[in-house]
Amino acid sequence: MASDPPRSLSDPFMDPAASEHAEDSNVGSTPSELQVDRNACLSLREDALVVSDAGLAHSGRKICCGLIPSTSSTTLAIPYYNILDATLDGSEVSIKHALFTSKTAVRPAYITYTLADKSTAPTAKAWVSRLLASAYRGSVRARRLKVLINPHGGKGLAPKLYAQEAEPILKAAGCEIDAETTTHSGHALEIARDLDIDKYDAIVCCSGDGTPHEVFNGLAQQAYPRRALRKIAVTLIPGGSGNALAINLNGTTSPSVAALAIVKAARMPLDLVSVSQGEKRILSFLSQSWGIVAECDLDTEDIRWMGSARFTFGFFKRLVGKTVYPAEVSVKVEYGDKDTIRAEYKKARYGGAGESSADADHARELHDDETTLPKLIYGTVNDPVPEDWVTTDMPDLGNFFCGNLVHMSADAPFFPAALPNDGLMDLFDVDGTIGRLAAIKLMVSIEQNQFFDQPDVHYKKIKAFRLSPRLRPGQKQGFISVDGERIDFAPLQAEIMPGLGTVLGVPGKGFHFDGPQDPTR
Ligand SMILES: Nc1ncnc2c1ncn2[C@@H]1O[C@H](COP(=O)(O)OP(=O)(O)OP(=O)(O)O)[C@@H](O)[C@H]1O
């Protein structure tokens, strides 16, 4: 097996906790099979650890739902992805793994054997290292995690979900955990702002999307914001009503499956969006919206008990009213037509020209000494609109929605052309006066990934926008949403900050999305 290239200890892609295993990484000569007691054999195959043990047939061990591939009742195959930890203690080999108890839940499980021949301990030690190298290919072991649990998000279940579902997986994987429950709104921002970033690798929010929003903004207030945002990866264990970060990063709404993904994830850069209202500036990782989606996000507090269904309920309530949300919109467009967007997406996603995460990180490292965030290229709403922007007055606007990631919820891939680190934002607007039937058709098309091609959806890839919203006659208050959080009802300007943030995601799990569908197929 090829070993990873050596990385310096200052390399933020290398968890210092993983360095203790670095000397064991030369495993080329290590045998793939380990003979253990009960006449059993542990074998390292291409994608899985295979346990061959006649005793398994009589152990009553249930191979749940067929999710753990088993070649026969006397063999057990555990995918490397599911291996959490392995140790050799004297002549006892212990392997911890994540056992799928259903399609949406995992729990830690253990296998223990004694070496058939004690004198093989040195070989067994190398074998364990080889198993761990395969289990953590593309990731690092024993990450140091600052866990923030929001007891207020969604239905208030985050503390229970974390303790019962997520923490056992993180602990079994040997993560160093420093957990804290947030006590007030803004607490996550304060913690991230004051965090000693050399002591941690990631901040894991067990919450909805509001907490990671605070965390990115807290890191942005560190003395060296670019270093903090580069070094500390932000990730989410779903525990609120909007859990888009977990869905986009790791393709799941299950706390235990998300915890496993976090254990196995790679660091990757994420574009952030700088949103300014005059001199005030915040960072957004997910979305900015004005119109029906923003109102559903923010004006449904009274039905919080419904959980995520409150968004759908709120949407339908407004839909029947054919509500409009007028605004003047100015946009710095990169790609304005859908065919070009589709073609550019394919190039960026499958063209193979992109740099690796490690290369991207070294480029970002050059800005570590800077004490401010990247300068705004396009200024703020207090400046004139740049000449090459396209300005449109939209008295009948129904929905202005700008996104940075594909999914806004599990069944809402609103932005199929979004890529995590392409230096662009995805924007669409929809007229508020379209017929109710057309609006319902639009809503149905989202889940089927046909939203992008609907003629009523005006979709662009952009670098920046300015939104000057106004109240329609009779409207008492306006809701502008940034990452699901309410900001002042006032003109705002937003521009992309390429690769400013860092997240933990498993390639192929979350960001795996096929992009806008090809309508000719
Ligand atoms: N102990 C607390 N008491 C009150 N609010 C808190 C507390 N801890 C965090 N918050 C606030 O709760 C808000 C919502 O949290 P979060 O986004 O994590 O969950 P959510 O379920 O997605 O949100 P929402 O339920 O508002 O849709 C955040 O803005 C955060 O500041």
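Modeller: A residue counts as buried when its relative accessible area is under 20%, as exposed when it is over 50%, and as partly exposed in between. We shall apply these limits to a predicted model.

Biologist: As what does D359 count, given its relative accessibility?

Modeller: D359 belongs to helix α11, which covers residues 357–365. Its relative accessibility is 46%, and the limits to compare this with are 20% for buried and 50% for exposed. Because 46% lies between those limits, D359 counts as partly exposed.

Biologist: How far apart in space are D359 and L427, C-alpha to C-alpha?

Modeller: Along the sequence, 68 residues separate D359 from L427. In space, the distance between their C-alpha atoms is 29 Å.

Biologist: What percentage of the residues of the protein count as buried?

Modeller: The protein has twelve helices and 22 strands, and its accessible surface comes to about 22,300 Å², with 52% of that belonging to carbon and sulfur atoms. Among contacts with a separation of 6 or more, 77% are between residues 24 or more positions apart. Of the 521 residues, the share that counts as buried is 55%.

Biologist: Is Q222 buried or exposed?

Modeller: Q222 sits in the loop between α4 and α5, and its relative accessible area is 12%. Since the limit for burial is under 20%, this value places Q222 in the class called buried.

Biologist: Which residue has a backbone oxygen that the side chain of Q222 reaches at 2.8 Å?

Modeller: Leaving aside residues up to four places away in sequence, Q222 touches A192, R193, D194, L195, I197 and A228. Its side chain reaches the backbone oxygen of R193 at 3.1 Å. The backbone oxygen reached at 2.8 Å belongs to A192.

Biologist: How many of the residues of helix α4 are buried?

Modeller: Helix α4 spans residues 210–219, and its buried residues include H213, E214 and N217 as well as V215 and F216. The helix is largely enclosed by the rest of the structure, because the number of its ten residues that are buried is ten.

Biologist: Which residues of β11 point the other way from A233, T235 and I237?

Modeller: In a regular strand the side chains alternate between the two faces of the sheet. Strand β11 has six of its six residues buried, so it is largely enclosed by the rest of the structure. With A233, T235 and I237 pointing one way, the residues that point the other way are V234, L236 and P238.

Biologist: What is the bridge partner of C206 in β11?

Modeller: Strand β10, residues 202–207, runs parallel to β11, and six bridges join the two. In β11, the residue bridged to C206 is I237.

Biologist: Which strands stand at the edges, each with a single partner strand?

Modeller: Three strands form an open, antiparallel sheet in the order β5-β6-β7. A strand at the edge has a single partner, so one of its sides is left without a neighbour in the sheet, and this holds for β5 and β7.

Biologist: At about what angle does helix α7 run to β7?

Modeller: Within this sheet, ten bridges join β6 to β7, and one of them pairs K96 with Y110. Helix α1 packs on the sheet, touching β5 and β6, and its direction makes about 170 degrees with that of β5. Helix α7, residues 255–264, lies across β5, β6 and β7, and its angle to β7 is about 60 degrees.

How values were computed: Residues numbered from 1 in each chain as written. Predicted model: local features only at pLDDT ≥ 70, side-chain atom pairs only at ≥ 80, totals over all residues. Heavy atoms only, no water. Buried < 20%, exposed > 50% of the residue type's maximum accessible area, 1.4 Å probe, protein only. Helix = DSSP H or I, 4+ residues; strand = E, 2+ residues; numbered from the N terminus. Pairing = 2+ DSSP bridges. Contact = heavy atoms within 4.5 Å. Areas by Shrake-Rupley, 256 points an atom, 1.4 Å probe, with all protein chains shown as cover. Polar contact = N/O pair within 3.5 Å; in protein donor to acceptor, adjacent residues only side chain to side chain. Axes fitted to C-alpha atoms, helices over the stretch in contact; angles between N-to-C directions.
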